[in-house]
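Please keep the structure in view while reading.

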Amino acid sequence: MTVWIIEPRDPLIIRDGRPFGPVPGARAVSLAFPFPSTTTGAVRTRDGLDAAGRFQPSEIPWVKNINVRGPLLVELDVGTGDVARWLVPAPADALLLDLEPADTTRAILKRLVPLQLPQGAKTDLPDGLMPVGMPRRDPHKPSSRVPRFWYWDFFEQWLRDPREYEVSLAKLGHDGPVREARIHVSIRPETQTADEERGALFQTRGLEFTHVPERRKLFGVRRLGLAVATDAPNLKSGIAPMGGERRLVFWRQSGETLPSIPDALKEKIAALRHCRLILLTPAHFEAGWKPAWLLEGREGVIPSLQAVVLSRCQTVSGWDFEKDKPKPTRRLAPAGTVFFLKLDGNGAAIKRWIDTIWMQCISDEKQDRRDGFGLAVLGVWDGQIHRMEV
């Protein structure tokens, strides 16, 4: 697959489904980050354009078979515009605690693990799943400055060796695109001037794909973009509209590939026969939070789910251009969700299984996997169930 960079020229608006029309006081609010369906739709639309730049409806069956993985957030090189650093959503099994209230630059990184309940205790968790949390009480308070996205080098370290240590929040990651609000005025189509009679003002809140480090307000602004990997054969570099309000973005082919799994990490997972699976994009499962396709036996390995840590579900819909009607609303397991898995199989089989899962989509339906929902990576877990301190 080829990695493509999508760099918004203007603040990008990814509509959240609330009504927005030509009425005074209307507001168009963007989601905090695009769903895979947004970038996948943009890839397929661009691949299906003819020489005159018009999409061909006859291409719909073909473009729906195009595979897309992502989007992932990236920092861009100032000179080349290619990927300088990868960023991924913060994993749900990592908890950041304040060192002290006055220190807003550093935090303690804590690991959340499956817990053994005290004797006589019960939960309403389904399928015998174990609760996930800290084994022992910690007097520090959760940090209010938790980055939404982690740099890949810190994230890869968390996959290989999830342990407690102090971390610089600025070096760990940042919150990604910032929201920018703009006030607009209604324009008369016949004169192309402001409609002063109605005074129709409206507001849009889009995503500005830049990051300004807190200590470098005047210098060091970092360009951000979206990276997708796809097998689309007809994509071309250039400028095109995307998202709500058809804001302009630049498309360029990258010389990078999606991050590969370190050999040491693969060997460790195969030896432990347990792992953590972390979602990099939201996933859709027929049973809500619980995967089905992932737990099927393949490559001589049968995974079993031991515990899950996830935040509140996300809701996605959209517009079906083929059927010319809204898509049904669906609930997604959010990016950052962590599944603790036991792997029944020998070491060689587990290594083959790892290759079929790493940077692949693990949603239940094949079309959702093609659309980029449920992009996953793997991290170590020793299979140990920690005793909960009472």
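Is Asp-138 buried or exposed? The model shown here is a predicted one, and in it Asp-138 has a relative accessible area of 17%, which means that this residue counts as buried, because the cut-off for buried is under 20%.

## The surroundings of Asp-138

Asp-138 is placed in the loop that runs between β8 (132-133) and β9 (149-151). Its side chain takes part in a polar contact of 3.0 Å with the side chain of Lys-110, and another polar contact, of 2.6 Å, connects the side chains of Asp-138 and His-140.

If the neighbours within four places in sequence are set aside, Asp-138 is in contact with Leu-97 and Lys-110.

## Pairs of aromatic rings

A pair of aromatic rings is described by the distance of the centres and the angle of the planes. In this model the count comes to 6 aromatic pairs. One of them joins Trp-150 and Trp-158, with 6.0 Å from centre to centre and 75° between the planes, an arrangement called edge-to-face. Trp-150 counts as buried at 2% relative accessibility, and Trp-158 is buried as well, with a relative accessible area of 1%.

Why is the pair of Phe-285 and Phe-339 described as edge-to-face? The ring centres of Phe-285 and Phe-339 lie 6.0 Å apart and their planes meet at 75°, and planes over 60 degrees apart count as edge-to-face. Phe-285 belongs to the loop between β18 (274-279) and β19 (302-309), while Phe-339 belongs to strand β24 (residues 338-344), so this pair ties together parts that are 54 residues apart in sequence. Phe-285 counts as buried at 2% relative accessibility, and Phe-339 is buried with a relative accessible area of 0%.

## A ring cluster and charges over rings

Ring pairs also link Trp-152, Phe-155 and Trp-358 into a cluster. Elsewhere, a ring has a charged side chain over its face: Arg-85 lies over the face of Tyr-151, at 3.5 Å from the ring centre, and the charged end of Arg-298 sits over the ring of Trp-293, 3.9 Å from the centre of that ring.

## The chain as a whole

The protein contains 7 helices and 27 strands. Its radius of gyration is 23 Å, which is close to the 21 Å that the globule rule gives for 390 residues, so the protein is as compact as a globular protein of that length. The C-alpha trace spans about 75 × 55 × 45 Å along its principal axes.

Of the 390 residues, 47% are buried, and the accessible surface comes to about 19800 Å², with 50% of it belonging to carbon and sulfur atoms. Among contacts between residues at least 6 apart in sequence, 73% join residues that are at least 24 apart.

## An exposed residue in a helix

Ala-264 is located in helix α5 (residues 263-272), and at 56% relative accessibility it counts as exposed, since the cut-off for exposed is over 50%. The C-alpha atom of Ala-264 is separated by 22 Å from that of Leu-172, and these two residues are 92 residues apart along the chain.

Terms used:
Residues are numbered from 1 along each chain as its sequence is written. This is a predicted model: local features need pLDDT of at least 70, side-chain atom pairs count only at pLDDT 80 or more; totals for chains, interfaces and linings use all residues. Side-chain values use heavy atoms; hydrogens and water are left out. Rings of Phe, Tyr and Trp (its six-membered ring) pair if their centres lie within 6.5 Å; planes under 30 degrees apart count as stacked, over 60 as edge-to-face and the rest as tilted. Buried means under 20% relative accessible area, exposed over 50%, partly exposed in between (1.4 Å probe, protein chains only). Helices (H or I, at least four residues) and strands (E, at least two) are DSSP runs, numbered from the N terminus. A charge sits over a ring if NZ of Lys or CZ of Arg is within 6 Å of the ring centre and within 35 degrees of the ring normal. The radius of gyration is taken over C-alpha atoms; the globule rule is 2.2 Å times the number of residues to the power 0.38. Contact means heavy atoms within 4.5 Å. Accessible areas come from the Shrake-Rupley method with a 1.4 Å probe; for residues, only the protein chains shown count as cover. A polar contact is a pair of N or O atoms within 3.5 Å; within protein, one must be able to donate a hydrogen and the other to accept it, and residues adjacent in sequence count only if both atoms are side-chain atoms.
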